[in-house]
Amino acid sequence: MDALLDNFRNFIARVGFSILEVSDTPQESVGRHLLFAYLEQFVLLVGGFRHIEVQTGRGRMDLLITHNRRKYIVETKVWRGVASYQRGKRQLASYLKSEGASEGCYVVFDHRTSPETRTESEKIEGFEIRSYVIPVAQERHYEGQKKVN
């Protein structure tokens, strides 16, 4: 899963901000669906199953992938500050607990003017969380004029 998400991060870096832009700011649902589509072919090739927005007793898990009786849970967010970033990790930990999984992935799309690429692993409430902060802000072009976000 780590290699796939590393490749996804690099893919987003190549295609840039506009891939998530529906309004003036990136939308989490667009990023979630893009990640789902990105992972879909690989998951099918290895005989896995994928589900999006799975209802749990603690909310909706963004992505659930199962393969060989193992669950891979991915939570997605759009950058909304450090406190929100940390809350998302705890939210993922609660999903891991409810699903009996020991590790999960957290993907955050960072649309700030000076986005920060970050990949880190840490234990949250006893669960291994692998976080990916993926910059999506790039130079934006409007009617022939170059405008920097």
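Searching the whole structure turns up two aromatic pairs. Rings of Phe, Tyr and Trp (its six-membered ring) count as a pair if their centres lie within 6.5 Å. What you're looking at is a predicted model, in which local features need pLDDT of at least 70 and side-chain atom pairs count only at pLDDT 80 or more, while totals for chains, interfaces and linings use all residues. Residues are numbered from 1 along each chain as its sequence is written, and side-chain values use heavy atoms, with hydrogens and water left out. Two numbers describe a pair of aromatic rings: the distance of the centres and the angle of the planes. For Trp 79 and Tyr 85 these are 5.4 Å and 40°, making the pair tilted; planes under 30 degrees apart would be stacked, over 60 edge-to-face, and the rest are tilted. Ring pairs also bring in Tyr 106, linking it with Trp 79 and Tyr 85 into a cluster. Trp 79 is buried, at 8% relative accessible area, and Tyr 85 is buried too, at 2%. (Buried means under 20% relative accessible area, exposed over 50%, and partly exposed in between, using a 1.4 Å probe and protein chains only.)

The largest pocket holds about 150 Å³ of space. A pocket here is found on a 1 Å grid over the protein atoms alone, as an open set of points with protein on both sides within 12 Å along at least five of seven lines; a cavity, by contrast, is a set of points where a 1.4 Å probe fits but cannot get out. Grid points are joined across faces, edges and corners, and the volume is the space filled by probe spheres set on the points. Lining residues have an atom within 4 Å of a point; among them are Met 1, Asp 2, Tyr 72, Cys 105, Ser 121 and Arg 130. Which strand gives the most to this lining? Strand S3 does, with four residues. Strands S3 (70–78), S4 (103–110) and S6 (127–135) each supply at least two. By type, the lining splits into six charged, four nonpolar and two polar residues. Asp, Glu, Lys and Arg count as charged; Ala, Val, Leu, Ile, Met, Phe, Trp, Tyr, Cys and Pro as nonpolar; and the others, Gly among them, as polar.

Asn 68 has a positive phi, near 50°, though it's not a glycine. Arg 69, also not a glycine, has a positive phi of about 65°.

Arg 9 belongs to helix H1 (residues 2–15) and counts as buried, with 18% relative accessibility. Arg 9 touches Thr 117, Thr 119, Tyr 132 and Ile 134, leaving aside residues up to four places away in sequence; a contact means heavy atoms within 4.5 Å. Over in helix H2 (residues 28–45) is Arg 32, buried at 7% relative accessible area.

**Proline close-up: Pro 115 and Pro 135.** Pro 115 lies in the loop between S4 and strand S5 (118–124) and is partly exposed, with a relative accessible area of 26%. Pro 115 and Pro 135 are 20 residues apart along the chain, yet 5.2 Å separates their C-alpha atoms.

**Whole-chain view: putting the pieces together.** The chain has three helices and eight strands, where helices (H or I, at least four residues) and strands (E, at least two) are DSSP runs numbered from the N terminus. Starting there, the elements run α-α-β-β-β-α-β-β-β-β-β. Of the 149 residues, 42% are buried. Among contacts with a separation of 6 or more, 58% join residues 24 or more positions apart.
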